[in-house]
Amino acid sequence: MAFIRRRRLERELYSKERFSLLLLNLEEYYFEQHTANHIINKDCKDERKFRGSLKICSKSIIFEPDDNIQPIIKIPLRDCSSIKAPEDNEVNNPFTRNTPGGISVVCSQVFLIKERNVIAPYKTVRGRTEHLFQLDVAWKVGDVVQTLHQLYRASCLDKMGDQAAMITAILQSRLARTSFDKYRFQSISETLHMECKAEMVTPLVTNPGHVCVSDANLYFQPLNGYPKPVVQITLQNVRRIYKRRHGLMPLGLEVFCTENDLCSDIYLKFYSFQDRDEVYRLIAKYIENHIAEHTAESYVLQWQRGHISNYQYLLHLNNLADRSCNDLSQYPVFPWIIADYSSSVLDLTKPETFRDLSKPIGALNKERLDRLVKRYQEMPEPKFMYGSHYSSPGYVLFYLVRVAPEYMLCLQNGKFDHADRMFNSIAETWKNCLDGATDFKELIPEFYENDSSFLVNSLKLDLGKRQGGKMVEDVELPPWASGPDDFLQKCQEALESPYVSEHLHEWIDIIFGYKQKGSEAVAAHNVFHPLTYEGGVDLNSIMDPNEKVALLTQILEFGQTPKQLFTTPHPQRKIQKLKSLSRTSSHSTSIAESPVSPNEESFEDLTEESITLAWNNIAKLKLDTQCKIHKEAITGIAVTCNGSSVFTTSQDSTLKMFSRDSKTIQRSVSFSNMALSSCLILPGDTTVISSSWDNHIYFYSIAFGRQQDVLLGHDDAVSKIFWQDGRLFSASWDSTVKVWHCVPGETLSNKKHHFELLAHLEHDVSVNTMDLNAANTILASGTKEGTISVWDVTTATVLHQLPHHSGTVFHAAFSPDSRHLLSTGEDCCFKVIDVQTGMLVSSVSTEEPQRCFKWDGNTILSGSQSGELLVWDLLGGKVTERIKGHTGAVMSMWMNEQCNSVITGGEDKQIMFWKLQY
C-alpha cells in the first residue's frame with residue numbers, strides 16, 4: 001500500500017521531529033527556521049523557557065519545542081497585532097529587557113498541536129497573548145522581523161488572490177537570490193546540464209527549491225533545507241517518468257525508480273512548462289524503455305491476454321491519466337466491486353453479488369437518479385448531474401484517516417470530521433453511496449492491496465463519539481469477512497473474478513473512456529461540473545488573481561476527473577479456461593482458474609496443449625533443408641494435407657511442385673509471363689489456385705497436370721487469395737476485395753467452375769494483403785497506403801477503417817481466437833487491434849520491416865527484410881530470438897497445424913524447411 005508505506009517511511013526518517021509541512025495551511029510555504037528559546041512569563045516567578053526551533057512560514061509562525069511533552073505552537077500571522085524586536089526605548093519593558101535576539105509577537109489566537117506528542121485535533125487558545133522568541137543568532141533578528149512584517153501585510157490583504165500574489169512575489173525573490181549548491185554534487189566530475197526553480201509536491205503541500213540535472217543525477221534542494229538538505233536520484237536508476245497536470249496546469253513531472261510502485265521517488269512542479277519539458281528530456285535519455293513510448297492502449301493487450309491482473313491494469317490506467325498518490329485531488333481511483341455487505345458468505349459466482357459496472361455510482365439507485373436527471377434538465381448552462389465528485393482529497397482521507405490523521409487535520413483546519421460522518425462501516429458507506437443525495441464516491445487502491453491497517457485504529461486516535469455513545473474505533477466489516485486481512489483478500493478475489501474481468505471495461509469506459517465526456521457521458525448519466533474536466537478552464541486566460549485562486553481552490557478541493565485515455569469503446573476481457581500446460585510468462589497474472597482434469601481432456605484439449613508447447617519452444621526452430629527452386633522471389637507456399645508436396649509461386653511467373661521426400665521439382669507451370677503472387681490448395685488436394693499480376697486467378701488440376709480454369713476477376717494485379725466453404729476471396733491492386741461463389745462443373749475431365757460474385761468490398765487504394773477470421777465472418781484487408789479495414793463478410797459492410805501504418809501493409813492475420821488482428825508494414829511496426837472495438841491495443845517498433853509472420857496471440861514468428869527469422873514477445877515488445885535464414889527478404893511463410901513445422905520462401909529464390917527440436 002504505497003500511501004501507507006510512504007507515511008511509515010517518513011515516520012522512520014523523521015521520528016525525532018514532530019514538525020511537518022502538514023502543520024501548514026493549504027497553499028502555504030515554509031521559508032526558514034531558527035534555533036530559539038520560547039520564553040513564557042518573562043521576569044516573573046513562573047518564568048519558563050523552552051528550547052526549540054522557530055519556523056517562519058508564509059501564513060504563520062510555528063515553534064517546535066525540543067521537549068515532546070510541550071505542544072507545538074502555531075500563530076496565524078493574520079491574528080497578530082504586533083511583531084517587533086526590542087528597541088532602545090523599551091528598556092523599561094520587563095518582557096523584552098535583557099533579551100538579545102528577542103522577537104515579541106502579540107496575537108489574538110494560538111493553536112496548540114501534538115501536546116505530549118499525541119496526534120489529535122488542534123487546541124485553540126483565544127484571547128490576547130504575548131510570546132517572546134529569543135534567537136540563538138541575535139544578529140538575524142532584523143531580517144526575521146522584516147520578513148514577518150512582509151508576510152503579515154500579505155496575510156492582512158482582504159482578497160485571497162492578492163494574498164497569493166504577494167506571497168508568490170516574496171517566494172520568487174527568495175528563490176532568485178539563491179541557487180543550487182554545487183558542493184552537493186555526488187562527484188566532482190559531474191557536469192551540470194540544467195538548473196531551474198521548482199516545488200517538490202507531496203500530498204496537500206509543496207516545498208519550493210532548486211532543481212539541478214547533471215550528467216549523472218537529478219537533484220532537488222529545498223529552499224528551507226527540509227526534510228533534508230538535498231534530494232538526489234541517480235538517473236540510471238530511473239525506470240519511469242510521467243508528465244503531470246498539477247493544479248490544472250501542465251507543470252508536473254513524476255519520477256519513479258521502480259517498475260510497479262504506486263508512489264514515485266519524487267514529484268516536481270515547475271513554474272514553466274518549458275522547464276518541465278527540458279528536465280523530462282534530460283532524464284528520458286537514461287531510460288531504455290522510456291515511458292513516453294507507452295500509451296494506455298499498450299497495456300490493453302497484456303490485460304486482455306491475462307498477463308497483467310485487473311488491479312495492475314487499473315494502476316497503469318491511473319498512472320497514465322495523471323493520477324498520483326502525491327496529489328490527493330488526483331488520487332488513483334478504483335471501483336466499488338462488491339454490492340453484498342450483509343450475507344454471511346460471499347458468493348462470487350452470483351452476478352447479484354457485484355455492483356453494476358456499466359453505471360457510475362450516481363446512477364445505481366434509480367429513484368435518486370430520477371431526481372438528479374430532473375434537476376439536470378431544469379438547470380441552466382453549464383449543466384452537471386452531480387454536485388460532488390467520485391474522487392477528492394476529502395474522500396481519500398475519509399478512507400485513510402486511521403493511518404494518515406495528520407493529513408485529515410491539515411485538510412480540515414486542525415479538526416477531524418464529525419464522528420457520525422467518519423468511515424465507520426463498510427456497509428454504511430456503501431449504503432450512503434447508493435442513497436445519499438451528495439455521496440457518489442468510488443474506492444481507492446488500498447481496498448485491493450494487502451495492508452489492512454487503514455481499517456484499524458492502531459494509533460489509538462480519539463476520532464470522537466457517535467450519537468449512540470460508541471467511540472469511533474476500527475471499521476466495521478461485513479459478516480462474510482473474518483477480519484481486516486480476510487476482507488481485503490476477498491476484495492482482491494472479487495476484483496480478479498471472471499464476472500469483473502468480463503465487465504471491467506464498462507467501468508473503464510465511464511472513468512477513463514468514451515463515456516467520460518460529451519453526448520455519451522450524458523446518455524450514461526456521467527456528467528460532473530465542467531471545471532473538473534481537463535481543459536474545462538484555462539487558468540492563463542483569467543486575469544483576476546482573486547478569481548483564479550478561488551477557482552483553483554474550488555477544483556483542488558472538489559476533485560478532478562481523470563485525463564481521458566480512450567475515445568472508443570474499451571475492449572472486453574474474456575478469460576479462457578487455463579490448461580494444465582499453460583503458457584509460461586514473465587508477467588504476473590492473477591487469473592488462477594483450475595486446470596482441466598485429465599479425465600476431462602478431449603482430443604482438442606491435447607491438440608491445443610501440443611500447439612501451446614510448440615509456441616513455448618518456437619525459438620528452437622532448426623533449419624532442416626533448403627533448396628533454390630525459382631529464378632525470382634518466392635511469393636506463396638501451399639502444402640498438401642499429407643505434407644509430401646509443396647507448391648510455390650514466384651515473381652518468375654511459375655507455379656512449382658516440390659517433393660519433400662525426394663527434394664526434387666516434380667512440376668513447373670507457367671500461366672502467363674507475369675508474376676504470381678500467392679497460391680492455395682483446395683480441399684481434397686486435387687486443385688491448386690494461383691493469383692497473378694495479370695489480373696487473373698488460375699485453377700490448376702494436380703491430377704490431370706493442366707490448367708483447369710481461369711477467372712478474370714480484377715482490373716489490376718491480384719495480390720492475395722483465400723478459399724473457404726466454396727467461396728473464393730480475392731484482393732487486388734484495383735482497390736477491391738471480391739467474394740466469389742464457385743460452383744464446380746459436372747465432369748472430372750472438364751471441371752470448369754461457374755463463378756458468381758457475392759460481394760464487392762471497395763477500398764480507396766490498392767489492397768496488398770487480407771485475412772479471414774476462424775468463423776469466416778470477418779475479413780481484414782491492408783492497403784498500400786497503410787490502412788487496415790475490418791469487414792463484416794455476411795453484410796459486406798466495413799466495421800473499422802484504421803490508418804495505423806504509414807506505407808504498405810505487408811501482412812495481416814487474426815489471432816487464433818479471432819479477437820485480435822496483427823499487422824506489419826514498411827513503417828517497421830507491428831500493430832495489434834481489438835477486432836470488436838477497432839482499438840489499437842499494442843504497437844511494437846521493429847528495426848527493419850517484417851514481411852510476413854505467424855502468431856499465436858502472444859508470440860510472433862516473423863520473417864524480416866534482411867532474411868532473419870525473429871521470435872517476438874509481443875506483450876514485452878521485444879525480440880527473444882534471432883534465427884539466421886535467407887540472404888534476402890523472407891517473402892512468405894507456411895506453418896502446419898501443430899505449429900512444429902515451418903516453410904519459408906525468400907527473395908533469394910530459396911525455400912527453407914524448418915523443424916522444431918525440443
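**Cysteines, a helix and a few buried spots**

C433 is in no disulfide either, since the cut-off is 2.5 Å and the nearest cysteine sulfur, in C491, is 14 Å off. Both of these are tucked away: C57 is buried, with a relative accessible area of 0%, and C433 is buried with 0% as well. Keep in mind that what you see on the screen is a predicted model.

A quick reminder: a disulfide is a covalent bond between the sulfur atoms of two cysteines. Here the partners are C263 and C325, with 1.9 Å from S to S. This pair links distant parts of the chain, 62 residues apart. You'll find C263 in the loop between β13 (249-256) and β14 (266-270), while C325 sits in the loop between α6 (310-320) and α7 (366-378). Both cysteines of the pair are buried.

Let me zoom out for a moment. The protein has 918 residues, and 58% of them count as buried. I get 15 helices and 42 strands. Along the principal axes, the C-alpha atoms fill a box of roughly 130 × 65 × 55 Å. And if you take the contacts with a separation of 6 or more, 56% of them come from residues 24 or more positions apart.

Now for one of those helices, α3, residues 160-176.

Searching the whole structure turns up five cavities of 30 Å³ or more. The largest cavity comes out at about 50 Å³. Its lining is L22, L23, I113, K114, I119, A120, Y122, E406 and L409. By class, that makes seven nonpolar residues, two charged ones and no polar ones.

T687 lies in β21, residues 687-692. Its relative accessibility is 5%, so T687 counts as buried. Setting aside neighbours within four places in sequence, T687 is in contact with L680, I681, L682, F699, Y700, I702 and Q708.

The other one is S892, in strand β40, residues 890-895. Is S892 buried or exposed? Buried, because its relative accessibility is 6%. If you skip residues up to four places away in sequence, S892 touches I634, T635, G636, I637, C852, I903, T904 and G905. As for D764, S892 is 128 residues from it in sequence, and the two C-alpha atoms are 26 Å apart in space.

That's my tour, thanks!

Notes:
Residues numbered from 1 in each chain as written. Predicted model: local features only at pLDDT ≥ 70, side-chain atom pairs only at ≥ 80, totals over all residues. Heavy atoms only, no water. Helix = DSSP H or I, 4+ residues; strand = E, 2+ residues; numbered from the N terminus. Buried < 20%, exposed > 50% of the residue type's maximum accessible area, 1.4 Å probe, protein only. Expected span 1.5 Å × (residues − 1). 1 Å grid on protein atoms, 1.4 Å probe; cavity = no way out; pocket = protein on both sides within 12 Å on 5 of 7 lines; lining within 4 Å. Points joined across faces, edges and corners; volume = space filled by probe spheres on them. Nonpolar A, V, L, I, M, F, W, Y, C, P; charged D, E, K, R; others polar. Contact = heavy atoms within 4.5 Å.
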